[in-house]
Amino acid sequence: MAISLLNPKAEVARAAQALAVNISAAKGIQDVMKSNLGPKGTVKMLVSGAGDIKITKDGNVLLHEMQIQHPTASLIARASTAQDDMTGDGTTSTVLVIGELLKQADIYIAEGLHPRILAEGFDKARAKALEVLDKMKIGIEVEKKSLTDVARTSLRTKVHQKLADVLTDVCVDAVLAIKQADKPVDLHMVELMEMQHKTETDTQLIKGLVLDHGSRHPDMPKSLKNCYILTCNVSMEYEKSEVNSGFFYKTAEEREKMVSAEREFIEQRVKKVIALKQALCKGTNKSFVVINQKGIDPMSLDMLAKEGIIALRRAKRRNMERLALACGGVAMNSLDDLHESQLGYAGHVYEHVLGENKYTFVEECKVPQSVTILMKGPNKYTLVQIKDAIRDGLRAINNAIEDKAVIPGAGAFEVTANKELLAYKDTVKGKVRLGVAAYAEALLVIPKTLAVNSGFDAQDTIVKLQEESRLSPDPIGLDLTSGEAVNPKDAGIFDNYIVKRQIINSCSVIASNLLLVDEIMRAGMSSLKG
């Protein structure tokens, strides 16, 4: 015990004890997450110190928000949240599989098998599982039906079924609207806007933009059709000089001159906009909207209002970029030489007032390469939950587009991989095969948990699935409503290829690392509890 010579206060957990500490941590975090796997999972309510509530079923949100003090448990939690950052899904599965791998390993280690041999077995099994995964993937075309299946499978595990179906359509349409041929999809071009009213199933997709502020003048029109849109970054208000300078006047008249000169300078700019509007819209049914990133002072607003122009000031920068994409046109930095080709177009621009907030909708754009998902919900918690779900839904669709492939869901991959690994085990020589067997058994935690969460018996279900899987050439999954075996392809249940791949890789590595820990030291800090 060299460490105790160096530091008499050090606490050390040696070989068997260290493993027990790690395995109990993995089991602990697995038990917390177990109940919210799958569409029939339960929901957790997190209450912060300040009394804020967060209701969620999303593993990623749970792990981020939960206070985890145990070092091993927080290591597993970090690994799972990294999984979400990369692929947008699969956090709960990662935690369950790591926990189960360690549970299975515990059985063999208790019989005296060396952890290193198990780790080698895990590695062989991981390589084989990836082969099985590649064999099972189903190529897809980028079209609405296949993407809807993937998004629906992902979203139903996050929110209520009815809401999931609404969000699925919204997310798929949003991605298809902004997708350009042969270019990766930029999900930042989908703006998420919250509106606290009505119910969550009123969430909708706006093929255009929703800005969270309205026009600043009472006389401006509230709704315009056939609009030219000028996006600009030009100050239409008097600005102070950048250097601190003082002016001395001899008489009041001189001051008047000074003020009117400043005013004149701004008015020139506004007049340029008005001149362009008159040139383009006179005698036609077209109208004009100015969206400015900098300020517009009351006098300028008044001039624009008289012309029937909707003017918005201080628009956010990200909205400016999106506006140019949604409506076409170029964001102008100066008002000299304005031309029709630099303007965008929208079929309908209108203002919606909700309580004290004003929202401006820019709709019916020609080729919207930027769209807005308008999330509605009766309270803050619902909106946050919808936002998390939509983010995952968009990522799931994007993953499917990038992989151009999906994997049958409903636990089908795990059952098939279990069958293949048990057959593969017989070809592996020596004790390493025990590691392969442990891995095969651990994968079944996913279908087992799905069954338990839906109110079925775990053993019954697994036996049924394994029998069906042996008889059928197709992958077989679990039907959560009846508890019977089902072909996920027919039921339209698909998972992302990249998510499954990531789960297999990260779980094997982390479980092996934890198995190989044989000493945990906490030198001079507070005690280590298992």
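1. Two helices, helix 13 (412-425) and helix 18 (497-515), each contribute at least two residues to the lining of the largest cavity. Of these, helix 18 provides the largest share of that lining, with three residues. The model is a predicted one.

2. The residues around the largest cavity are Val97, Phe413, Glu414, Leu443, Ile446, Lys500, Ile503 and Ile504. Sorted by class, six of the lining residues are nonpolar, none is polar and two are charged. The volume of the largest cavity is about 40 Å³.

3. How many cavities of 30 Å³ or more are there? The count is two. The second largest cavity also needs a description, and its volume is about 40 Å³.

4. The lining of the second largest cavity consists of Thr56, Lys57, Asp58, Lys158, Val159, Gln385, Asp388 and Ala389. Which helix gives the most to this lining? Helix 12 (residues 380-403) does, with three residues. By class, this lining has four charged residues, two polar and two nonpolar. For the largest cavity, the corresponding figures are two charged, no polar and six nonpolar.

5. Turning to the sheet, three strands form an open sheet in the order 5-13-6, and the pairing is mixed. From one strand to the next, the twist averages 25°.

6. How do strand 5 and strand 13 run, parallel or antiparallel? Strand 5 and strand 13 (residues 371-376) run parallel and are joined by six bridges. Within the sheet, Glu191 has Thr372 of strand 13 opposite.

7. Which helix lies across strand 5, strand 6 and strand 13? Helix 8 (residues 161-178) lies across these strands, and its direction is at about 165° to strand 13.

8. For anyone checking the model by eye, the points to inspect are as follows. Around the largest cavity, the lining includes Glu414 and Lys500, with helix 18 supplying three residues. Around the second largest cavity, the lining includes Lys57, Asp58, Lys158 and Asp388, with helix 12 supplying three residues. In the sheet, the six bridges between strand 5 and strand 13 and the placement of Glu191 opposite Thr372 can be viewed together with helix 8 lying across the strands.

Key
Residues numbered from 1 in each chain as written. Predicted model: local features only at pLDDT ≥ 70, side-chain atom pairs only at ≥ 80, totals over all residues. Heavy atoms only, no water. 1 Å grid on protein atoms, 1.4 Å probe; cavity = no way out; pocket = protein on both sides within 12 Å on 5 of 7 lines; lining within 4 Å. Points joined across faces, edges and corners; volume = space filled by probe spheres on them. Helix = DSSP H or I, 4+ residues; strand = E, 2+ residues; numbered from the N terminus. Nonpolar A, V, L, I, M, F, W, Y, C, P; charged D, E, K, R; others polar. Pairing = 2+ DSSP bridges. Axes fitted to C-alpha atoms, helices over the stretch in contact; angles between N-to-C directions. Contact = heavy atoms within 4.5 Å.
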